[in-house]
Amino acid sequence: AYSRLMAASQPLVAEQILDAYRFARHRRVLDVGGGQGAFLAALGARVPGVARGLFDLPAVVARAGERLGDGVRLHGGSFLADPLPRGYDLVTLVRVLHDHDDAPAAALLGRIAESLTPGGRLLIAEPMAGVRGAEPMGDAYFGLYLLAMGSGRPRPAAEITEMLRTAGFRRVRRAATAMPLTVSILVAER
């Protein structure tokens, strides 16, 4: 049910991400925790030349495979316990990091850093705390959502940036989105 909810709400988020970042500069993109592949489907439609991979729990990946067909390489596993596939020059986390408490989130960032070669990038796209002009509304809404989830919290971009640097990433920058309350983007280079 959670995967269906995320897939149903994904088109607006995917559009903002695809408008904010130039994916055509990459050859291979791995979406970690990408559920049923809604973001990768949107990416494939917008940037058909990029090779795409999905890493999620085996049962989730099996459902995604039925939806996505042969155009996406599927990797089943737990991003909290298993090594991530190598050979991708961009890893995306779309609405994933904020679902996890600090220790698992930091461990995930470390696994991603290990999987990327120097110069590889990580794109984090999710609602972040402290969005200028919407702090009370955004923090309250996403705080309630994550309370219902039982883990995680919205983090400000500065805190995520520090987590990225601790995990081994260098250069971290923001990419502007049309609706930063819904999705903000950080891009980090390994």
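Predicted model: local features only at pLDDT ≥ 70, side-chain atom pairs only at ≥ 80, totals over all residues.

Guide: Residues are numbered from 1 along each chain as its sequence is written, and side-chain values use heavy atoms, with hydrogens and water left out.

Visitor: How many helices and strands are there in the chain?
Guide: The chain has six helices and seven strands, where helices (H or I, at least four residues) and strands (E, at least two) are DSSP runs numbered from the N terminus. Read from the N terminus, their order is α-β-α-β-α-β-β-α-β-α-α-β-β.

Visitor: And what share of the residues counts as buried?
Guide: Of the 190 residues, 51% count as buried, meaning under 20% relative accessible area, with exposed being over 50% and partly exposed in between (1.4 Å probe, protein chains only).

Visitor: Which residues have the most contacts inside the largest nonpolar core?
Guide: They are Val32, Leu93, Ile112, Leu122, Ile124 and Leu164, in a core of 27 residues; such a core is a set of buried Ala, Val, Leu, Ile, Met, Phe, Trp, Tyr and Cys residues joined through side-chain atoms within 4.5 Å. Elements giving two or more residues to this core include β1 (28-32), β4 (90-94) and α4 (102-115), and α4 gives the most, with five residues.

Visitor: What does Val32 touch?
Guide: Leaving out residues up to four places away in sequence, Val32 touches several residues, among them Phe55, Phe79, Leu93 and Leu108, a contact being heavy atoms within 4.5 Å. Apart from this core lies another, of 25 residues, which includes Tyr21 and Phe39.

Visitor: Switching topic, how are the rings of Tyr21 and Phe23 arranged?
Guide: Their centres are 5.0 Å apart and their planes at 80 degrees, so the pair is edge-to-face; rings of Phe, Tyr and Trp (its six-membered ring) pair if their centres lie within 6.5 Å, with planes under 30 degrees apart counted as stacked, over 60 as edge-to-face and the rest as tilted. Tyr21 is buried at 4% relative accessible area, and Phe23 is buried at 2%.

Visitor: Last one: is Asp82 buried or partly exposed?
Guide: Asp82 is partly exposed, with a relative accessible area of 31%. Asp82 lies in the loop between β3 (72-76) and β4, and touches Phe55, Gly77 and Arg111, not counting residues up to four places away in sequence.
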